[in-house]
Amino acid sequence: MSARRSLVWLGLTPEPEQELPAAVAALRAPAAGRPSPALLAAERRRVERLVLRGTQRGWLRYLREVTELVVAAAAGAEPLDPRPALVAGEVVLDHHRMLIGLPGAGYARTATQRRDLEHALARLRCHRDTTPPGRPDPSGPSQPRSTA
């Protein structure tokens, strides 16, 4: 690893590497189903590779891709389940807001993405609030609550 390579971007927050693989895999999955285990594993590997061997520029390219998925989900007539897009959008928006504290032009470069994410999240929250009960949860069947 070059001594000139800046790693400061890695210290922002762990949420993207924890939350994005499942949310992005769900956004990339066919509309009628959950992401396959292979799709989820591939997304986890991609994020891991970016974090361990990537650069800030590569990481921001990935987050731009995620932003495009969130914006597309929000622009759809009615997403099957807006939760993956909400999770991904909120994580990326929080990340991009924190860039203001880092050296370089990352914060300025993500201004359009922040604006687009804010609009997409507002639309997705409306979808979530109007989604009828009983819609399938992409994370799996709900477990009955104990009444004890």
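**A briefing on this helical protein**

At 39% relative accessibility, Glu 118 counts as partly exposed, a label for values between the buried limit (under 20% relative accessible area) and the exposed limit (over 50%), found with a 1.4 Å probe on protein chains only. Please keep in mind that this is a predicted model, in which local features need pLDDT of at least 70 and side-chain atom pairs count only at pLDDT 80 or more, while totals for chains, interfaces and linings use all residues. Residues are numbered from 1 along each chain as its sequence is written, and side-chain values use heavy atoms, with hydrogens and water left out.

**The overall picture**

- The protein has six helices and zero strands; these are DSSP runs numbered from the N terminus, with helices (H or I) of at least four residues and strands (E) of at least two.
- Reading along the sequence gives the pattern α-α-α-α-α-α.
- Of the 148 residues in the protein, 36% count as buried.
- Take the contacts (heavy atoms within 4.5 Å) between residues at least 6 apart in sequence: 73% of them join residues at least 24 apart.

**Salt bridges**

- How many salt bridges are there? The count comes to seven, where a salt bridge is a side-chain nitrogen of Lys or Arg within 4 Å of a carboxyl oxygen of Asp or Glu.
- Glu 90 and Arg 125 form one of them through their side chains, at 3.2 Å from N to O. This pair links distant parts of the chain, as Glu 90 sits in helix H4 (residues 83–98) and Arg 125 in helix H6 (residues 111–130), 35 residues apart.
- Glu 90 is partly exposed at a relative accessible area of 30%, and Arg 125 is partly exposed at 32%.
- Arg 97 pairs with Glu 118 in a salt bridge, with the closest N and O atoms 3.1 Å apart. Here too distant parts of the chain are linked: Arg 97 belongs to helix H4 and Glu 118 to helix H6, 21 residues apart.
- Arg 97 counts as partly exposed, with 40% relative accessibility.
- Asp 116 and Arg 115 meet through their side chains in a salt bridge of 2.9 Å, N to O. Asp 116 is partly exposed at 26% relative accessible area, and Arg 115 is partly exposed at 43%.
- A network of salt bridges links Arg 28, Glu 43, Arg 46 and Glu 65.

**Where H1 meets H4**

- The axes of helix H1 (residues 15–28) and H4 come within 8 Å and cross at roughly 145 degrees. Axes are lines fitted to C-alpha atoms, for helices over the stretch in contact, and the angle between N-to-C directions runs from 0 to 180 degrees.
- H1 passes H4 in a left-handed crossing, meaning that the near helix is turned anticlockwise from the far one by less than a right angle, whereas clockwise would be right-handed.
- Residues of H1 in this contact include Leu 20, Ala 23 and Leu 27, and those of H4 include Val 87, Val 91 and His 95.
- The residues of this contact divide into eleven nonpolar, one polar and two charged. Ala, Val, Leu, Ile, Met, Phe, Trp, Tyr, Cys and Pro count as nonpolar, Asp, Glu, Lys and Arg as charged, and the others, Gly among them, as polar.

- Is Leu 93 buried or exposed? Leu 93, found in helix H4, is buried, with a relative accessible area of 5%.
- Leu 93 touches Arg 114, Leu 117, Glu 118 and Leu 121, leaving aside residues up to four places away in sequence.
- Ala 73 lies in helix H3 (residues 56–75) and counts as buried at 17% relative accessibility.
- Ala 73 and Leu 86 are 13 residues apart in sequence and 9.4 Å apart in space, C-alpha to C-alpha.
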